[in-house]
Structure formats: C-alpha cells, structure tokens
Amino acid sequence: MIIDLRSDTVTKPSKEMLKTMMNAEVGDDVFREDTTLNKLEKMVAEMFGKEAALFFPSGTMANQTAIKLQTQPGDQVICDKYAHIYNYESGGVSFNSGVSCNLIDGQRGMFTANQVEKAINPDAYYYSKTSLVEVENTTNKGGGACWDFDEILKLRKVCNKNNLSFHLDGARLWNALVAKNETTEQYGKVFDTISVCFSKGLGCPVGSVLVGNHKIMDEAIRIRKIFGGNMRQAGYLAAAAIYTLDHNIDRLSEDHRKAKEIESVLNKLSIVKHVQPVETNIIIFELNPDVNEQQFIEKLRANNILIIGMGGGKLRMVTHLDYTDTMHKKLLNFIKTI
Ligand SMILES: *Cc1c(COP(=O)(O)O)cnc(C)c1O
C-alpha cells in the first residue's frame with residue numbers, strides 16, 4: 001500500500017466514474033456536436049450564473065485563455081507573488097499574452113483591496129496599462145488557504161472603479177466552497193471569469209472549465225484553438241466531470257478533516273518547527289533546522305509514504321479522494337513514531 005500525499009492530482013478514476021465515461025454519448029466537439037460536453041458546459045455555466053462555459057484540457061490553458069481574453073500585449077496583471085499563473089504556468093502570461101505581472105506581497109497567496117489600489121499603474125502612456133486582477137482560491141502555494149469573501153467584494157469595487165477585469169483561478173474553488181460554506185453563485189456574481197478544475201480533489205483524469213458572460217467568452221473558443229486545445233469526442237472526459245460534480249463535492253470535508261488531524265499530529269512532533277494553519281486539504285510544514293529535509297522525505301518513502309518538498313524548507317502533504325481511512329490511520333500512527 002502506497003500512501004501518496006504528493007498532490008490531490010494523483011487520484012485515479014473510480015470504477016463508477018469509468019463506467020459513466022464508457023457509456024457517455026459523444027460527438028465531434030469541433031462541430032460542437034458532443035452532447036455530453038455540451039451538457040457539462042451548460043451545467044457549469046448555470047452553477048455560476050454565467051452565460052457561457054468552455055471545457056479545457058488543463059487548468060493552465062483555462063487561466064491562460066482568461067488572461068488572453070482580458071488583456072492586450074504590454075498590459076499588466078495584478079496577482080500575488082505566490083500565484084499559480086506566475087509561478088507554475090511556464091511563463092505563459094508573457095508567452096501567450098505578452099503581459100507582465102505586478103506581484104503583490106500578500107499573505108499565503110492572498111492580498112487586500114488596498115494593496116491592489118496601490119499596485120494599479122497611473123494613467124500615463126509610459127506606464128504599462130493595468131487591465132486585470134487575478135485571485136486564486138484556495139491558494140496552492142499558500143497551503144490551501146481560503147479568501148475572506150468580504151475582501152473579494154472590496155476587490156470587485158476597486159476593479160469597477162478602475163475599469164479592470166477580475167479573474168478567479170478556482171482550480172480548488174470546490175474546497176473553499178465546502179470549507180467556508182459558500183456558493184458558486186456568489187462567486188459568479190463577482191468575477192468576470194472563473195476557471196475550475198475537475199482533476200484536483202474531485203478525482204477526474206482530465207478537465208477544467210472556464211466560465212464568463214458572452215461578451216468575454218465568445219472569443220474563448222478561438223483562443224483555445226490557437227493554444228491547441230480543441231478536442232473531438234471530449235464527452236468521455238465531460239462525463240467524468242458531470243459524475244464528480246454529482247458525487248464528490250460534499251465529501252471534500254472528509255479530506256479537510258483528515259488534513260486537520262495530520263496538522264495536529266505534526267504540531268506535536270519535536271522535529272517540526274511550524275505547520276501552516278490547515279484550512280482545506282493542503283498541509284505545509286517546516287522541520288527544525290537541525291533535521292535534514294531530504295532524509296525525512298526518504299524515511300517516509302522507505303515506509304511507502306510519499307510527500308514533496310516545495311523549496312525554501314517547506315514540505316507539503318495533500319489529502320484527496322484516494323487517501324482512504326486505512327491509509328490515514330496508518331499515516332498518523334507512523335508519524336507519531338518519528
Ligand atoms: C493545478 C492548478 C492549476 C491548473 O493546473 P493544470 O495542471 O494545468 O490543470 C491552476 N491553478 C492552481 C491554483 C492549481 O493548483
């Protein structure tokens with residue numbers, strides 16, 4: 001038994017999910033004839049109260065499309081220094097959209113409306129034009145932290161006042177909704193575009209969706225094509241997403257409970273210097289300076305427990321759909337003995 005806590009993307013489709021996929025009714029999506037895919041897009045658009053939704057092969061492509069749709073080359077995007085779009089999308093913002101990022105020095109990947117106001121460039125020709133504010137919820141590099149929705153409402157006001165677009169990287173928005181008891185509708189009302197992933201905590205093999213209103217989204221399919229993201233019988237993948245929306249959202253609270261239990265055991269260990277307060281399914285912690293990080297990872301690996309280093313002395317564990325109760329018991333017992 002391998003206990004793989006490196007990421008919530010290591011899950012494999014369940015038998016039931018695979019069965020639903022196998023039975024999906026499909027068609028050629030380039031002709032927009034894939035009925036299952038069309039059903040998913042309609043479903044997600046309605047969940048967020050938006051007019052349109054488009055399926056993508058990755059969260060990266062959905063985010064990159066949102067940025068391309070809402071900027072011009074030379075513009076600037078305001079985001080946190082921890083943002084996935086800045087750190088983990090291979091420099092795509094500059095490659096695909098020709099924009100730069102104005103990075104905010106936030107807390108665990110989150111920032112304030114005040115900080116954004118200060119980061120907006122003055123309206124002078126020699127400055128880069130600020131055109132988009134990007135927020136991530138939950139924050140990945142910030143250890144699964146959730147935004148305070150009141151701050152998001154304040155950000156919307158700043159965007160309105162300064163004529164800026166507002167994008168949410170909601171790869172793990174599902175976790176935030178469950179943890180904070182929030183709704184898709186409330187997010188749909190505030191953001192211009194939202195990307196969500198089905199391949200993180202929800203256990204799908206592939207898939208993300210970008211939602212927004214027609215005015216922005218009408219060009220999204222062309223951008224997706226330019227990025228090479230057009231697909232054919234993608235309904236097999238959409239079927240997995242529909243299945244997971246129906247079955248796997250509420251249970252995320254179980255991942256959150258397990259993550260909190262791991263946090264509390266780690267907090268009692270003498271070799272652990274600090275554990276970031278756990279809010280969802282990500283646990284980020286640091287070891288005391290006299291403990292060798294690599295040796296610690298190797299020791300766990302020797303006992304069939306996989307975790308990863310995030311750099312800068314930070315280690316990460318992520319709970320997920322395939323992390324069972326049995327694995328959880330075994331893990332807690334093992335780390336108690338370290
Ligand atoms: C995983 C992730 C994405 C998308 O990643 P893909 O691997 O391209 O699907 C985007 N944003 C955040 C915060 C993520 O964690």
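Student: What volume does the largest pocket have?

Tutor: In this predicted model, the largest pocket has a volume of about 470 Å³.

Student: Which residues are closest to its centre?

Tutor: The lining of the largest pocket comprises 23 residues, and those closest to the centre are Lys129, Thr130, Ser131, Asn163 and Leu164.

Student: Which elements give two or more residues to that lining?

Tutor: Strand S5 (130-136) and helix H7 (149-162) do. H7 gives the most, with four residues.

Student: And how do the lining residues divide into nonpolar, polar and charged?

Tutor: Seven are nonpolar, 11 are polar and five are charged.

Student: Changing topic: which residue does the UniProt modified residue annotation cover?

Tutor: The unreviewed UniProt entry annotates Lys200 as "N6-(pyridoxal phosphate)lysine". Lys200 is found in the loop between strand S7 (193-197) and strand S8 (208-212).

Student: Is Lys200 buried or exposed?

Tutor: Lys200 counts as buried because its relative accessibility is 14%, which falls under the 20% cut-off. Leaving out residues up to four places away in sequence, Lys200 touches Asp8, Thr9, Thr11, Ala171 and Arg172.

Student: Now Thr71. Where does Thr71 lie?

Tutor: Thr71 lies in the loop between helix H3 (59-69) and strand S3 (76-80). Thr71 is buried, with a relative accessible area of 5%.

Student: What does the side chain of Thr71 reach?

Tutor: The side chain of Thr71 reaches the backbone oxygen of Ile67 at 2.7 Å.

Student: Which residues is Thr71 in contact with, neighbours within four places in sequence aside?

Tutor: Thr71 is in contact with Val77, Ser97, Val99, Ser131 and Leu132. Ser131 is also one of the residues closest to the centre of the largest pocket.

Conventions. Residues are numbered from 1 along each chain as its sequence is written. This is a predicted model: local features need pLDDT of at least 70, side-chain atom pairs count only at pLDDT 80 or more; totals for chains, interfaces and linings use all residues. Side-chain values use heavy atoms; hydrogens and water are left out. UniProt positions are given in the numbering used here, feature names are shortened, and annotations may be inferred rather than shown by experiment. Buried means under 20% relative accessible area, exposed over 50%, partly exposed in between (1.4 Å probe, protein chains only). Contact means heavy atoms within 4.5 Å. On a 1 Å grid over the protein atoms alone, a cavity is a set of points where a 1.4 Å probe fits but cannot get out, and a pocket is an open set with protein on both sides within 12 Å along at least five of seven lines; lining residues have an atom within 4 Å of a point. Grid points are joined across faces, edges and corners, and a volume is the space filled by probe spheres set on the points. Ala, Val, Leu, Ile, Met, Phe, Trp, Tyr, Cys and Pro count as nonpolar, Asp, Glu, Lys and Arg as charged, and the others, Gly among them, as polar. A polar contact is a pair of N or O atoms within 3.5 Å; within protein, one must be able to donate a hydrogen and the other to accept it, and residues adjacent in sequence count only if both atoms are side-chain atoms.
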